[in-house]
Amino acid sequence: SIAMRQDILDLIERLPKEVQNLLEAVSETAEEEECSVYIVGGFVRDLLLSVPTQDLDFVVEGSGGQFAQALMRRIPDGKLTQHIKFGTAQIIFPDGSHLDIASTRWEHYSFPGALPQVEESCLRDDLFRRDFTINSMAICLNTERFGELVDYYGGKQDLQQRKIRFLHNISFIDDPTRMLRAIRFAERYHFDFAKETLDALHTAIETGVLSKLSVERFTEEVLLIFREVNYLAMGQILVESGLFKAWFGKELAWNFNLDDAENSKDWSINMRWLVSVSQMESAEIGTLLERVILNRSLRDETIAYVQLRESLMERLTISEMDRLLNKAPKEVVIVLARDERFKVRILECLEAGQRINMSLDGKALLQMGLKQGPEIGEILDRVRMAWLEGRISTSEEEQGMARQWVNTQR
Ligand code: CTP
């Protein structure tokens, strides 16, 4: 309707200037290329919800590749990548953000979880192959129709009624990542599931649809959840729905129920991850790691966490502990310091570490007459240990101790 169109124009006017300019450039390119162009998916959803959005997805009725090339003339600082096979193109900006251009198309999934095959088709079909009604709207950007909402599947109504509703009931079979996406959107916007969608989600979990999903795509979706402000609520649903159990083959002791959930807002992804696995036994974390493919840093930290936790269960001297804590990634130490079993000992050790006020160094030892060699490192280690254990507490005592050891070495 005309009123709706005006509402959308108003919403667009409130967007950052760069985004408005970009929509303008796309609009002008459409006139030049004489084709219809729409902005679709998450952008439209977030525009209508008045929340900020990241990615821009365009659909061109015609050749996406040719359109992208024409658009590049108006975006000189972009970098164009084309995926001819899928009829899509991507333009990446210097700040890392990007926009995607697709040709209207119909994707046939040759087997569940596979990459889409492409055929030309019209906008209605393009929108129909999407995951949820709230993600299936488009806004036309051609000059004459600029701001016109295209909503074949009731997306606007579901936004208003705060519902996550799939477009057809084999949606989760077509693409099992949508099970995780459904949970992510529901908790991100505090929406409910439409009844059929919730039923289908449960059926999909029970009938083992997840087994069609690759470990890579599953991991990717799970890590997207850890980026969300509300990841704790999402995690709880992944556990309660049985989705995680279905994927990992057994119930793992996930920890998404935090007393200090407020703090988690500022945590890094790695920190959030480590806290969420911190109630699992080592063997459980082993099972977990077999069913996800983490990036290097997350995997290394998870393993470092298990190793340090096992070491801390042993009886350690304060200097052994000091060495281990210094070697471990900072986040691993922070997460272990939240564990009641280790808290006091870790804090004591860190405090002892802070009281160390070493003025001695290798050069000082050489001046005392020690020869260059491994003994220098050994003596420095022993002096640090003496500080930690409280056997020395002043520079004079430190000097005296070092001198004594230097003399026995000579
Ligand atoms: N989409 C889909 N099925 C998927 C992934 C994506 O139908 N498994 C469609 C949806 O229409 C979605 C669009 O592709 O809106 C873009 O996908 P993506 O960028 O992953 O999601 P956004 O909706 O933009 O969500 P986010 O805010 O998390 O980026």
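This report covers a pocket, a set of paired strands and an aromatic region in a predicted model.

**Second largest pocket**

The second largest pocket holds about 670 Å³ of space. Its lining consists of 26 residues, and those closest to the centre are Pro16, Glu18, Val19, Leu22 and Leu56. By class, the lining divides into 14 nonpolar, six polar and six charged residues. Helix H2 (17-33), helix H3 (42-49) and strand S5 (98-103) each supply at least two residues of this lining. The most comes from H2, which gives five residues.

**Strand S5 and its partners**

With strand S2 (residues 56-61), S5 pairs in the parallel sense over five bridges. Within S5, aspartate 100 stands opposite aspartate 57. With strand S4 (residues 88-92), the pairing of S5 is antiparallel and again runs over five bridges. Here leucine 99 in S5 is the bridge partner of isoleucine 91. The hairpin of S4 and S5 has five residues between the strands, and glycine 96 takes a positive phi near 95 degrees in it.

The model contains 17 aromatic pairs.

| Pair | Centre to centre | Angle between planes | Arrangement |
|---|---|---|---|
| Tryptophan 254 and phenylalanine 256 | 5.5 Å | 10 degrees | stacked |
| Tryptophan 254 and tryptophan 273 | 6.0 Å | 75 degrees | edge-to-face |

The pair of tryptophan 254 and tryptophan 273 counts as edge-to-face because its planes stand at 75 degrees, where the cut-off is over 60. Tryptophan 254 lies in the loop between H12 and H13, whereas tryptophan 273 lies in helix H13, so the pair ties together parts that are 19 residues apart in sequence. Both tryptophan 254 and tryptophan 273 are buried, and phenylalanine 256 is buried too.

**Serine 264**

Serine 264 is found in the loop between helix H12 (243-248) and helix H13 (269-277). With a relative accessible area of 2%, serine 264 is classed as buried, because that class takes values under 20%. Leaving aside residues up to four places away in sequence, serine 264 touches Tyr231, Leu232, Leu258 and Arg272.

How values were computed: Residues are numbered from 1 along each chain as its sequence is written. This is a predicted model: local features need pLDDT of at least 70, side-chain atom pairs count only at pLDDT 80 or more; totals for chains, interfaces and linings use all residues. Side-chain values use heavy atoms; hydrogens and water are left out. On a 1 Å grid over the protein atoms alone, a cavity is a set of points where a 1.4 Å probe fits but cannot get out, and a pocket is an open set with protein on both sides within 12 Å along at least five of seven lines; lining residues have an atom within 4 Å of a point. Grid points are joined across faces, edges and corners, and a volume is the space filled by probe spheres set on the points. Helices (H or I, at least four residues) and strands (E, at least two) are DSSP runs, numbered from the N terminus. Ala, Val, Leu, Ile, Met, Phe, Trp, Tyr, Cys and Pro count as nonpolar, Asp, Glu, Lys and Arg as charged, and the others, Gly among them, as polar. Buried means under 20% relative accessible area, exposed over 50%, partly exposed in between (1.4 Å probe, protein chains only). Contact means heavy atoms within 4.5 Å. Two strands pair if DSSP finds at least two bridges between them. Rings of Phe, Tyr and Trp (its six-membered ring) pair if their centres lie within 6.5 Å; planes under 30 degrees apart count as stacked, over 60 as edge-to-face and the rest as tilted.
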